[in-house]
Amino acid sequence: MSEKDTTHFGYKQVDKDAKAGLVGEVFHSVAARYDVMNDLMSGGIHRIWKRFTIELSGVRQNNAVLDIAGGTGDLAARFAELVGPEGRVVLADINDSMLQVGRDKLLDQGRQRNIEFVQADAQYLPFPDDSFDCITIAFGLRNVTDINLALRSMLRVLKPGGRLLVLEFSKPGNPLLSRAYDTYSFRVLPLMGRLIANDSDSYQYLAESIRKHPDQNTLLGMMEDAGFCQCEFHNMTGGIVALHRGIKA
Amino acid sequence: MAGAADPTLHTAALAALETALNRALDLAPESKNELAQLKDCVFALHCTAPSFEIYLHPGEQGIRLAGVHAGPITTSVRGEASDFTELATSKDPTATLINGGLELEGDSAPLIELQQILATVNMDWEAPLVATLGDVPGHQLAQMLRNAFAWGRQASVSLSRQLDEFIHEEARLSPPRLEVEDFYRDVHELGLRVDRLQSRTERLRQRLQTFRG
């Protein structure tokens, strides 16, 4: 297998065509307990990170918003309130189990008027050019096989002046925090996965995939290479998570 | 390019404050309805010491707080935390805005309306108590709480008045406000007279020098 045909799946090198299926298996496995595990693993801080993403999105009434890898719909639910009845929110996820959990949750909350649910691959978004005012992808980009291809696809479907927001795990700046974070990721997370979700492998993959994801400046460069302008990032919780924003010219 | 300081704490504080405000507004439906009338307004509070920014978005569901806002702003206020506290607790917000240390940009009327709505939030504890304890005990407990709060407010006003009277009239520990104002007026008048006397003596000194020369 040549270097060109492979990609990383956690710390393993796998065939590029196989990664989507492997990631799919991970998320099929965690979908049912995704929200509970998110709250437990982050101590609820993921809600603060998502809240800041919504603030920075600048989404307002009548906007069209695409939430890629939207999972259980935390961001989509809030966007649906902000865009109002005349706006449009599309919750997209490649994984049908996650999409089903998200759809059930939002429908149970009575949110259906301005939300659509689409099973879609971030690399090949099934929407016309210049469709959305804002695109968000929260904790999903690191699972995409070809990040550059996905960024170009997002640029295509954004309207000129539209914003892309990428919320993703990143690299802590402080060495002490980095060491504590490593211990937590590789010892505590798989243990929590085993005890609560009876699935330590998926949470081992979570920790490994974070380490293989590009750091803040590399991702910033990738966004600029894809064609986004005014790119910037905000480190949160010491850089454990970073929010990148780019604008389509 | 990295953005400003880590926004996690600021965002968490705003989330907590927003939840507390909206819980209070849920218990005060009248204030919530009044707030809904300001739904198209955005208020920006720029605090210079300590340095932070809050954007208030009133709406039908309550009030939304944000640390970042891109878009038109109805009223923008800049000042120190103590100035904002003074405005929030003021009985006459218009006078506080004019005489206080706050810088205001935009329309002041919606801001004054917002201040008055938030300052007069009157929470009705009966609904959640009845929902939790049942009709009779909930109503009785709510009645007791209402009486206790009313007594507390009355006692506080009465105590403050009596303490004021004791300090000024009985113990004479401090002069009454009118006496102090009168004294300051006399001091000010004396200051003016001294200034006039000084300029008069200066004029006389110059005239004497002219005669001698």
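# A quick tour of a predicted two-chain model

Let's start with Phe139(A), which is found in the loop between S6 and helix H6 (147-157) of chain A. Helices (H or I, at least four residues) and strands (E, at least two) are DSSP runs, numbered from the N terminus. This is a predicted model, where local features need pLDDT of at least 70 and side-chain atom pairs count only at pLDDT 80 or more, while totals for chains, interfaces and linings use all residues. Residues are numbered from 1 along each chain as its sequence is written, chains are lettered from A and ligands numbered from 1 in the order in which they are written, and side-chain values use heavy atoms, with hydrogens and water left out.

- Phe139(A) isn't a glycine, yet its phi is positive, at about 55°.
- Is Phe139(A) buried or exposed? Its relative accessibility is 11%, so Phe139(A) counts as buried; the cut-offs are under 20% relative accessible area for buried, over 50% for exposed, and in between for partly exposed (1.4 Å probe, protein chains only).
- Ala69(A) also has a positive phi, about 50°, without being a glycine.
- You'll find Ala69(A) in the loop between S3 and helix H4 (74-83) of chain A, and its 26% relative accessibility makes it partly exposed.

**The sheet in chain A**

- Chain A has an open sheet of 7 strands, in the order S5-S4-S3-S6-S7-S9-S8, with mixed pairing. Two strands pair if DSSP finds at least two bridges between them.
- At the edges are strand S5 (115-119) and strand S8 (228-236) of chain A, and each pairs on one side only.
- From one strand to the next, the twist averages 15°. Axes here are lines fitted to C-alpha atoms, for helices over the stretch in contact, and angles run from 0 to 180 degrees between N-to-C directions.
- Strand S3 (residues 64-68) and strand S6 (residues 132-138) of chain A run parallel and are joined by 4 bridges. Across from Val65(A) you'll see Cys134(A) in S6(A).
- Helix H5 (residues 96-108) of chain A packs on this sheet and touches strand S4 (88-93) and S5 of chain A. Its direction makes about 170° with that of S5(A). Contact means heavy atoms within 4.5 Å.

**The sheet in chain B**

- Chain B has an open sheet of 5 strands in the order S3-S2-S1-S4-S5, and its pairing is mixed.
- Strand S3 (62-66) and strand S5 (103-106) of chain B each have a single partner strand, so one side of each has no neighbour in the sheet.
- On average, neighbouring strands of this sheet are turned by 20° against each other, direction ignored.
- Strand S4 (residues 75-79) of chain B runs antiparallel to S5(B), with 4 bridges joining them. Arg78(B) has Glu103(B) in S5(B) as its bridge partner.
- Between strand S1 (43-48) and strand S2 (51-59) of chain B is a loop that holds Pro50(B). A cis peptide bond, with omega about -5°, joins Ala49(B) to Pro50(B).

**Aromatic rings**

- How many aromatic pairs are there over all chains? The search finds 5. Rings of Phe, Tyr and Trp (its six-membered ring) pair if their centres lie within 6.5 Å; planes under 30 degrees apart are stacked, over 60 edge-to-face, and the rest tilted.
- One edge-to-face pair is Trp49(A) with Phe169(A), at 6.4 Å centre to centre and 85° between the planes.
- Trp49(A) sits in helix H3 (residues 45-57) and Phe169(A) in strand S7 (residues 158-169) of chain A, so this pair ties together parts that are 120 residues apart in sequence. Both Trp49(A) and Phe169(A) are buried.
- Phe139(A) turns up again here: ring pairs link it with Trp49(A) and Phe169(A) into a cluster.
- Over in chain B, Phe183(B) and Tyr184(B) have ring centres 6.0 Å apart and planes at 50°, so that pair is tilted. Phe183(B) and Tyr184(B) are both exposed.

**Where the chains meet**

- In the contact between the chains, 19 residues of chain A meet 19 residues of chain B.
- About 1500 Å² is buried between chain A and chain B, with carbon and sulfur atoms giving 56% of it. Buried area is the accessible area (1.4 Å probe) that two parts lose on being put together, summed over both.
- Which three residues supply more than any other three of the area that chain A buries against chain B? They are Ile48(A), Arg51(A) and Glu55(A), with 38%.
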